[in-house]
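Me: Hi! I'm new to this one and would like a friendly walk through it. Could you bring it up first?

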Amino acid sequence: MQHLSRRHFLLAVGATGSATLLKGCAITPPSPDALSPKAQALTLSSLTAPETTVVKLGYIAIAESAPLIIAREKGFFARHGMTDVAVSKQASWGAARDNIEIGSAGGGIDGGQWQMPMPQLISEGLITKGNRKIPMLSMAQLSTQGNGIAIASQHAGKGFGLDVSGAAEYVREMKASGKPFKAAYTFPRVNQDFWIRYWLGAGGIDPSKDIDLIAIPAAQTVASMRTGSMDGFSTGDPWPSRILRDRRKYGFLAVLTAQIWPSHPEEYFAMREDWVRKNPKAAKAILKGIMEAQMWCDDPKNRAEMAAILAQRKYFNVPSDLLIGPYTGEYILGAERKTVKDEKLAIRYWKDARGSVSYPYQSHDLWFLTESVRWGFLPQGALGEADRIINAVSGEKFWREAAQELGIASADIPPSTSRGIEKFFDGAEFDPEKPQAYLDSLKIKTMKA
Amino acid sequence: MASSVRNSSGFRIGSMEISTKSIKKYVLPPAIAIFTFLALWEALSASGITLLPGPSSLFTDARTFELVRYPFYDRGGIDKGMFWQTWASLQRVVISYTLAAIVGISLGIAIGTSEMLSRALDPLFLFLRTVPPLAWVPISLAALNKNEPAALFVIFITSVWPILINTAVGVKQIPQDYINVARVVQASKQKYFFQILLPSALPYIFTGLRVAISLAWLAIIAAEIVMSGIVGIGFFIWEAYQNNYISEVILALVWIGAVGLLLDTAMGWLQNKIVKQ
């Protein structure tokens with residue numbers, strides 16, 4: 001009798017204990033404060049109603065992805081009929097490329113955020129498995145600026161600023177001593193690779209010969225900078241903020257891409273061409289959602305909310321105050337850690353000093369291809385093919401149609417596919433009509449026949 | 001009946017005896033070892049010698065503590081509590097592991113019984129089993145061109161080897177006496193297989209199965225990076241690594257370890273039941 005009641009007692013205690021525990025566990029942690037209301041749905045005509053409401057877009061958790069996330073969270077996609085847009089966080093650029101090759105039918109993605117010229121490289125089968133050509137359409141530029149080069153603190157005072165020619169001797173000495181300057185980016189032959197190469201090249205340092213440049217995951221680069229085994233990192237927000245915020249002060253922001261090339265093209269929105277051809281109205285609906293999100297992101301009164309949404313665990317997973325600075329153009333530059341606040345340096349999503357950020361200028365596609373030729377990522381003959389490649393991949397027609405359907409003022413719709421002459425901080429000029437002249441004018445290059 | 005043996009200082013639940021004596025013998029030593037380990041770790045990280053956060057960071061770090069406190073939350077998408085992340089991964093592991101068990105055991109028996117097959121396949125297997133899980137990722141993606149099967153394949157190919165090899169060894173080492181007895185009683189092939197070969201090889205098979213469970217978990221990170229943007233403990237760890245939330249990685253490891261322990265205990269219990277027969 002005593003034995004039975006003891007067992008009963010134990011079971012009873014166990015049951016009530018686990019019940020209370022489970023009840024406590026079932027509660028969801030407190031969620032962020034109520035945000036502003038979502039966008040209102042539109043009534044869609046048969047002309048604009050999308051063929052499908054389901055699409056899967058991939059993104060990488062950096063500032064350029066904000067339009068995709070905001071369009072989803074604030075209902076801009078749903079407003080135009082795309083009610084089932086999945087924004088899928090990709091593990092890396094390599095994973096994103098793998099997933100676009102597979103497509104959503106195989107569990108991958110239909111489109112998303114890309115560094116340039118990935119859509120062109122994938123369409124030509126240059127970075128895909130088995131060199132399969134997977135045609136893509138690049139339909140909008142997502143953002144401008146917001147990237148920079150971080151340098152490890154041990155190189156403070158050696159001349160790493162906008163003009164890096166003062167550090168050229170130092171870098172060459174490092175190479176001669178057997179421990180070359182090592183810098184990293186997250187994916188080769190695209191944006192971040194170009195930015196650090198341009199910056200060094202302008203200062204007389206040959207990035208192909210004088211330093212070691214490699215592709216490593218961002219977290220690994222940061223960890224290596226902390227231990228002193230990585231010297232430079234070409235990256236985008238929020239990484240610079242993360243590096244600067246660390247109390248060990250192991251790195252400083254040497255230069256911003258906004259200083260190298262004001263209002264430069266950054267990352268783009270592109271999709272698989274087969275999906276767009278099959279669902280053109282849906283593609284335009286997605287574009288309209290992205291455009292509205294871009295306009296929303298640029299509005300100063302939405303910044304706090306934007307930072308709060310992006311900082312969530314399911315998106316960037318960072319403390320939200322990390323994201324505010326770059327949007328107002330506030331950066332801590334240089335080894336002296338001087339706070340610079342200049343709206344011209346801020347990330348912009350819709351409009352910048354030179355006009356439209358969102359419109360995918362073909363002259364920019366040409367710059368990316370030309371720069372690829374400069375560093376030998378593409379053979380010189382690629383310049384002859386440039387027109388064909390650019391026309392095949394450019395989705396600027398979709399952008400125009402979407403902008404018109406959205407009712408964008410014609411003043412905000414660029415009249416030409418070219419943005420004209422581009423000027424860089426070192427005085428170089430890129431004329432889209434004469435890309436060869438640009439190449440000839442550059443002193444440091446590593447062209448391949 | 002329940003009250004067959006009654007120890008005045010304890011009681012029974014089923015066949016498990018809980019008394020101060022058994023607590024001292026089975027619970028105390030590991031508890032002391034674990035406690036010492038945690039204390040040493042905490043001391044090391046508090047002293048600043050290492051950058052690794054100590055076990056207390058699971059409670060002191062606000063982000064991590066939120067995960068500790070609410071393991072069952074679901075805020076949609078991949079924003080789910082640790083329990084759901086582990087559960088999603090467990091499902092993947094179970095599917096691949098079952099496949100690995102089936103393939104491993106059948107191939108292992110085939111290799112163990114056929115001398116020629118063994119000679120033919122040994123070098124190939126020796127080569128394949130040294131390939132690290134992450135290296136299988138691009139290969140499986142190119143071969144299968146689909147996300148989920150590729151991820152499951154990565155787990156499968158990592159965990160199949162111990163099962164295969166141990167089964168083959170177990171089959172090969174059948175004592176000559178057993179084989180002689182089978183010949184003497186002129187046992188049919190079927191009888192030989194089920195009543196002599198399998199029971200004798202079973203302990204080896206189970207060793208392989210238990211080793212393979214931990215290997216299956218090893219591959220989960222590689223597999224979930226393949227899939228990207230999904231609920232799973234592997235992707236969770238990759239994410240935490242990207243953002244440098246080391247305490248979250250530690251929390252994930254605690255969950256993985258706990259599940260691994262549970263699975264191994266279950267496997268051991270299964271082994272006891274079957275081998276006893």
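Me: Thanks! What percentage of the 449 residues in chain A are buried?
Reply: Buried residues account for 51% of them. Keep in mind as we go that this is a predicted model.

Me: Okay. And how many helices and strands does chain A have?
Reply: Chain A has 18 helices and 16 strands.

Me: Let's look at a sheet. In what order do the five strands of the open sheet in chain A come?
Reply: The order is 2-1-3-10-4, with mixed pairing. At the edges are strand 2 (84–89) and strand 4 (136–141) of chain A, each of which pairs on one side only. Neighbouring strands in this sheet are turned against each other by 25° on average, ignoring direction.

Me: How do strand 3 and strand 10 of chain A run, parallel or antiparallel?
Reply: They run antiparallel, and four bridges join strand 3 (residues 111–114) to strand 10 (residues 268–272) in chain A.

Me: Which strands of chain A does helix 2 lie across?
Reply: Helix 2 (residues 66–73) of chain A lies across strand 1 (54–59), strand 2 and strand 3, and runs at about 140° to strand 2 of chain A.

Me: Switching to chain B now. Which domains is chain B divided into?
Reply: Chain B has domain 1 (17–47) and domain 2 (82–276). Taken over C-alpha atoms, the centres of these two domains of chain B are 31 Å apart.

Me: Why is helix 11 of chain B largely enclosed by the rest of the structure?
Reply: Because eight of its ten residues are buried; helix 11 of chain B covers residues 233–242.

Me: Which residues in helix 11 of chain B are buried?
Reply: They are I233(B), G234(B), F235(B), F236(B), I237(B), W238(B), E239(B) and A240(B).

Me: And which residue takes a positive phi just after helix 11 of chain B?
Reply: That is N244(B), with a phi of about 65°.

Conventions: Residues numbered from 1 in each chain as written. Chains lettered and ligands numbered in written order. Predicted model: local features only at pLDDT ≥ 70, side-chain atom pairs only at ≥ 80, totals over all residues. Domains from an automatic or database assignment. Helix = DSSP H or I, 4+ residues; strand = E, 2+ residues; numbered from the N terminus. Buried ≥ 20, exposed ≤ 12 C-beta atoms within 10 Å, placed from the backbone. Pairing = 2+ DSSP bridges. Axes fitted to C-alpha atoms, helices over the stretch in contact; angles between N-to-C directions. Contact = placed C-beta atoms within 7 Å.
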